[in-house]
Amino acid sequence: MYELDNLSIAYENTPVLQDISLHIKAGEKVVVIGPSGVGKSTLLKKMYELRQQESTLIHQDYALVPQLSAFHNVYIGRLDEYPTALNLLNLLKPQRRYLEEIRPIFQSLGMEEKMSDSVSNLSGGQQQRVAVGRAVYRRCPIILGDEPVSAIDPHQAGTVLQLLKKSAPTVVLAMHDVQLALEHFPRIIGLRDSGVCFDLEASDVNGALLADLYQSEHG
C-alpha cells in the first residue's frame, strides 16, 4: 500500500523528514507517535498525496464548514459522487435516503441528537467527531487521521478509534495520546529527529523506548 524509501521533505530549506523508509501493507492499522513538530502531519499529508483517490484525511483542524449542519458536513464526504442538482436539493432540505444513510454514523459517534445542529454551535470534541463521521461516510479503503481524537475524552475516544478501525481496511493515524494508541493499535511507529526512531508491535513498545522518543520534548 505504501512503500516509502529514503523519503525526505523540507520546507523553506528546513528538513522536516529525512530518509524515511516505511512500508505499510493493505489492511494494517498503524499509529505514528512522537514529539510535537517531528513531522507526523507532514508524513500523513504525503501519504494522502500518494493515494489520494483511495484515501480520506481527517485534518487536525477538522476542515468543517461551520455554517452548515453536522449532517451536511458528513454528507460533504461524498459530495463528488452525486449530481449537482441533488446536492443543492439536499442542502435545502435533507433527503430521507441520506438522513437514514448517515444516521447510523452519528449513532456510533453518540451524536444522533446533534445531526441538525450547526457545526458552529458544537463543542471542539463534537466537531472532531463530525470530522471523523465525514471520513467514515467517504467509504475509502484508507483512512488517514491527524490527531483525530485529541479533543475527545478518553472513553469516547476509544469508541471513535474502534469505529475508524471498522470503517476502512487500512488506517494510519498520528496521535499524541500514547496510551490510547497502545491500547487500540497493533503497530506503533515512533518519529524523532526527522526520522523513524522505532517501528514495532504495540506489545514491544516499553517505557524506556517512549522515554527516549520524547526526551527532546521533555528535557
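With which residues is Gln-18 in contact, leaving aside its neighbours within four places in sequence? In this predicted model, where local features need pLDDT of at least 70, side-chain atom pairs count only at pLDDT 80 or more, and totals for chains, interfaces and linings use all residues, Gln-18 is in contact with Leu-7, Ser-8, Ser-194 and Gly-195, contact meaning heavy atoms within 4.5 Å. Residues are numbered from 1 along each chain as its sequence is written, and side-chain values use heavy atoms, with hydrogens and water left out.

Gln-18 is placed in strand E2, residues 14–24; helices (H or I, at least four residues) and strands (E, at least two) are DSSP runs, numbered from the N terminus. Because its relative accessibility is 42%, Gln-18 counts as partly exposed. The scale calls a residue buried under 20% relative accessible area, exposed over 50% and partly exposed in between, with a 1.4 Å probe and protein chains only. From C-alpha to C-alpha, 9.7 Å separate Gln-18 and Gly-39, which are 21 residues apart in sequence.

Thr-56, in strand E4 (residues 55–58), has 11% relative accessibility and therefore counts as buried. Apart from neighbours within four places in sequence, Thr-56 is in contact with Tyr-48, Ala-135, Arg-138, Cys-140, Ile-142, Ile-143 and Leu-144. Gly-124 belongs to helix H5 and, at 33% relative accessibility, counts as partly exposed. With the same exclusion of neighbours within four places, the contacts of Gly-124 are Tyr-62 and Ala-151.

The packing of helices was examined next. Helix H5 (residues 124–138) packs with helix H6 (residues 154–167) at an angle of about 15°, the axes being 10 Å apart. Axes are lines fitted to C-alpha atoms, for helices over the stretch in contact, and angles run from 0 to 180 degrees between N-to-C directions. H5 and H6 are therefore roughly parallel to each other; angles under 35 degrees count as roughly parallel, over 145 as roughly antiparallel, 65 to 115 as roughly perpendicular and the rest as oblique. Their crossing is left-handed, a term used if the near helix is turned anticlockwise from the far one by less than a right angle, with right-handed used if clockwise. Arg-129, Val-132 and Val-136 of H5 make the contact with Gln-156, Val-160, Leu-163, Leu-164 and Ser-167 of H6.

The axes of H4 and H5 come within 10 Å and cross at roughly 125°, and the two helices are therefore oblique to each other. This crossing is right-handed. In H4, Tyr-98, Glu-101, Ile-102, Ile-105 and Phe-106 meet Val-130, Gly-133, Val-136 and Tyr-137 of H5.

The largest nonpolar core has 49 residues, and Ile-33, Leu-164 and Ile-188 have the most contacts inside it. Such a core is a set of buried Ala, Val, Leu, Ile, Met, Phe, Trp, Tyr and Cys residues joined through side-chain atoms within 4.5 Å. Elements that each supply at least two residues of this core include strand E3 (29–33), helix H4 (96–108), H5 and H6. H5 gives the most, with six residues. Not counting residues up to four places away in sequence, Ile-33 touches residues including Lys-40, Met-175, Ile-188, Phe-198 and Tyr-214. A second, separate core of 22 residues includes Ile-24, Leu-43, Met-47 and Ile-189.
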